Amino acid sequence: MLLAALSRPQPAAARKAPAKEPVVEATDPLEDKLDPLVEHDSVVRLRLVQGSVDCGWYADAQRLTISDQRDVDSTFVSAHRPGESCWPREWRFQRGSRDSWFQICVASSRFSQPEGWSLDVAWSPEDNRSKTSGFAVVQKPGKPSAEWVVEAEKPTGNALRTCRLRLVASETAAAIGWCLQLERGPEDERSENSAFLAIGADGEACRWLLEPVEEQSIQPSISSSVAEALAKSVPARKSAPAQLSGPSTRFYEVVVQNLCGRPLQLQGAKMPAMRKTVSGRVVKLLPEIALAGAPVALPRSVGPALAPPEPHSPATAIAKFESHATLDEMLEFSLTYLDSKGMGLTVRAHAHAASSVRSCAWTHGQDLDVVSVVEEVPRLLCRPPPGYAETALGVYAKPGRCAALQVGELQPEDEVLAGSGPREGRWLKISYPCDGWVQAETRDGRPLFQEYLQTRSNLRQVVTVRPAHGRSPRSVRLPEPDKAQQISATRPSSAQEEARKVEATYFNARAVEASRMLRESAILEGSGLKSCKPRQSVKGVF
């Protein structure tokens with residue numbers, strides 16, 4: 001009976017349910033710290049308010065300089081001192097994979113930076129920042145977007161409600177949990193009024209203020225150089241060219257054509273952000289000037305001296321004017337390039353309408369000649385015809401549209417600096433915002449760039465350095481027979497020769513010391529110190 005009872009099938013209610021594993025719901029460990037400080041699809045500005053000496057700076061993303069451009073698909077994120085109305089960048093907080101997660105994207109297109117790029121971290125051996133931090137970047141759409149959480153801080157008293165921005169989803173798994181921060185290390189320096197942002201594990205002290213921005217107040221897709229011009233411009237008829245009052249910033253380009261037969265090295269700081277100027281700001285700088293190729297049919301001894309200048313020489317330096325309320329636009333800086341023997345040249349750029357001092361160049365060494373010419377460069381604004389903005393604004397390393405040779409891309413209303421040399425067909429060489437070739441007109445002859453009217457032009461200083469004719473040690477001429485006899489007849493005595501040797505030794509020693517002091521002076525001047533020069537710089541006329 002007992003066995004029959006045990007073998008009889010029991011009802012379902014009497015059966016003992018098998019042991020189940022406890023179900024653990026996916027919870028966010030940061031859920032208790034989150035606060036609805038920002039809503040989905042809202043537009044804000046990121047302002048640093050705590051955790052750095054640079055409080056009040058705004059987060060931005062620009063592609064104005066080469067240092068801003070990580071590659072074609074990503075841009076370094078930087079923080080700027082508030083000084084211009086266009087510097088605070090608008091950011092859009094889009095909904096992520098969870099309700100409390102966001103994708104932070106660029107909400108406005110300015111400074112050659114398109115909108116829609118998402119905030120992420122660059123942590124690779126090429127970036128080489130540190131083991132616990134990487135550079136903050138914005139990446140082009142098409143790649144998996146990183147996701148962030150907004151950790152709101154509880155305000156005390158009348159304090160502002162600040163937050164931390166923490167990375168919770170990214171292709172870089174090691175960076176999950178890091179925060180957006182500003183460290184101001186040597187690798188973070190961008191300029192005197194800006195620095196690159198980082199994403200690291202030491203971001204607990206960095207606090208950000210989310211300043212809401214209305215959709216109607218987002219600034220239009222323009223570059224910094226034309227923001228003021230478009231604000232004051234009057235709409236013209238379609239048949240008439242654009243009448244724009246010029247923007248507040250002009251460019252000054254220095255092109256050095258090296259025909260002396262040897263490369264020249266820059267003395268002083270090599271980075272534009274570290275270069276000190278009397279007035280203005282350097283945005284591009286070449287650390288070395290390569291020698292130009294001599295014609296094959298000419299001997300090596302006379303090739304550099306007879307070689308014609310290159311038609312499209314790269315820009316050695318590009319600087320921006322500095323605007324003053326009373327002194328108008330000013331620019332002054334100097335560059336020194338020398339070879340291994342201390343021979344080279346110094347270029348001094350000086351541009352001020354009320355000053356009699358002009359730009360010039362001089363050589364270091366007796367076997368070199370230098371010629372400096374300043375020319376005006378028209379100011380061009382990128383305004384393609386309808387339908388060409390998406391296809392015809394690429395910048396390429398060579399004339400011709402090739403995806404493998406693309407080095408950048410322009411945006412409508414961007415100002416470009418035309419490079420030296422003529423056009424090649426429909427292609428124009430530009431030096432800024434990036435160095436390359438752009439399509440200047442369509443196949444039917446319609447221009448893609450319009451010239452500013454009623455404004456001052458940009459300036460270009462073209463400097464050509466070459467061996468001096470008749471003074472080069474390689475070009476020593478033999479005396480004629482009658483002159484040789486005259487020289488032998490009037491040969492000085494042994495005492496005079498001894499005195500000349502002593503004088504030459506004394507002169508050579510002083511010349512070596514003077515050359516060393518000139519090099520040190522150039523290094524000090526490049527770092528902002530005036531060294532032993534008695535001239536004192538003042539604003540205005542020297």
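Predicted model: local features only at pLDDT ≥ 70, side-chain atom pairs only at ≥ 80, totals over all residues.

Biologist: How many salt bridges does the structure hold?
Modeller: The structure holds 23 salt bridges.

Biologist: What makes the contact of Glu90 and Arg45 a salt bridge?
Modeller: The criterion is a side-chain nitrogen of Lys or Arg within 4 Å of a carboxyl oxygen of Asp or Glu. For the side chains of Glu90 and Arg45 the N to O distance is 3.0 Å, so the pair meets that criterion. Glu90 belongs to the loop between strand S4 (74-80) and strand S5 (91-95) and Arg45 to strand S1 (residues 42-50), so the bridge ties together parts that are 45 residues apart in sequence.

Biologist: Why is Glu90 called buried, and why is Arg45 called buried?
Modeller: Buried means under 20% relative accessible area. Glu90 has 0% and Arg45 has 18%, so both receive the label.

Biologist: How do you know that Glu332 forms a salt bridge with Arg348?
Modeller: Their closest N and O atoms are 3.5 Å apart, and the limit is 4 Å, so the pair qualifies. Glu332 is in strand S22 (residues 328-338) and Arg348 in strand S23 (residues 344-351), so parts that are 16 residues apart in sequence are tied together. Glu332, with a relative accessible area of 3%, is buried, and Arg348, at 10%, is buried.

Biologist: Which residues do salt bridges with shared partners join into one network?
Modeller: Glu151, Arg164 and Arg166 are joined in this way. Glu151 also has Arg164 as its bridge partner in S10, where strands S9 and S10 (residues 163-169) pair in the antiparallel sense over six bridges.

Biologist: Why is strand S9 called mostly covered?
Modeller: Six of the six residues of strand S9 (residues 147-152) are buried. Glu147, Val149 and Glu151 point one way, Trp148, Val150 and Ala152 the other way, and all are buried. In a regular strand, side chains alternate between the two faces of the sheet.

Note on methods
Residues numbered from 1 in each chain as written. Heavy atoms only, no water. Helix = DSSP H or I, 4+ residues; strand = E, 2+ residues; numbered from the N terminus. Buried < 20%, exposed > 50% of the residue type's maximum accessible area, 1.4 Å probe, protein only. Pairing = 2+ DSSP bridges.
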